[in-house]
Amino acid sequence: SRDTQFTPILLRALVRRGTALACVWRLDDALPDYQRAAKIMPSNTDLVEDANRIAALIKQSNAVKTQTNRAKQMIMQDKYREAIDCLTAGILLADCPGLCAEALLTRAECYYALGEREMSAKDEARVRTSGAAMPKSSIRRLRELQQALQHVPKWEDAEQAHDDTGDDGTALDGGDEVQH
């Protein structure tokens, strides 16, 4: 029949599209393709396992989203430390950074708001290297955070300049005082 003639082509197309979607963390879109492919060929244990694995990742992703949404409510109340704890709990629920890019970005923003630039930079780097597809609003937030992390606030410049001078305002150069 005509259906069985096109089954191998359909099967390959479903698996390829499902794989492409899964590679960019669009798991909700990938799952129906894998499920349909597994229905076409239920004897293929790899397809069935992949469909089950994607379904499990979606559950993890949803748990991370729940924690991220709770944390965003805390942020609105300026409870950054509590939000960080909530986001960390969500991030620990995921097997990989691609599932928690939004949580990592939000936690990086919290660290930045608390003045913890090093922790913020670590999470920002994890988001950048996660390979996760993000909405435009998150990409914009990531870029803004990158720019903020590259910019050294004036008070840090002043603090550094103070560290390089003695109490009487003379510059310290390798232990020798030099008058300005």
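Buried residues (under 20% relative accessible area, 1.4 Å probe, protein chains only) make up 34% of the 180 residues in the chain. The structure is a predicted model, in which local features need pLDDT of at least 70, side-chain atom pairs count only at pLDDT 80 or more, and totals for chains, interfaces and linings use all residues. Residues are numbered from 1 along each chain as its sequence is written, and side-chain values use heavy atoms, with hydrogens and water left out. The accessible surface, computed by the Shrake-Rupley method with a 1.4 Å probe, comes to about 11500 Å², and carbon and sulfur atoms hold 52% of this area.

Among contacts (heavy atoms within 4.5 Å) with a separation of 6 or more, 52% join residues 24 or more positions apart.

The largest pocket, an open set of points on a 1 Å grid with protein on both sides within 12 Å along at least five of seven lines, has a volume of about 420 Å³. Its lining (residues with an atom within 4 Å of a point) comprises 24 residues, of which Ser61, Lys65, Leu99, Glu102 and Ala133 are the closest to the pocket centre. Two or more lining residues come from each of helix 2 (27–40), helix 3 (45–76) and helix 5 (101–113); helix 3 gives the most, with eight. By class, the lining of this pocket has 12 nonpolar, six polar and six charged residues.

Definitions and conventions. Buried < 20%, exposed > 50% of the residue type's maximum accessible area, 1.4 Å probe, protein only. 1 Å grid on protein atoms, 1.4 Å probe; cavity = no way out; pocket = protein on both sides within 12 Å on 5 of 7 lines; lining within 4 Å. Points joined across faces, edges and corners; volume = space filled by probe spheres on them. Helix = DSSP H or I, 4+ residues; strand = E, 2+ residues; numbered from the N terminus. Nonpolar A, V, L, I, M, F, W, Y, C, P; charged D, E, K, R; others polar.
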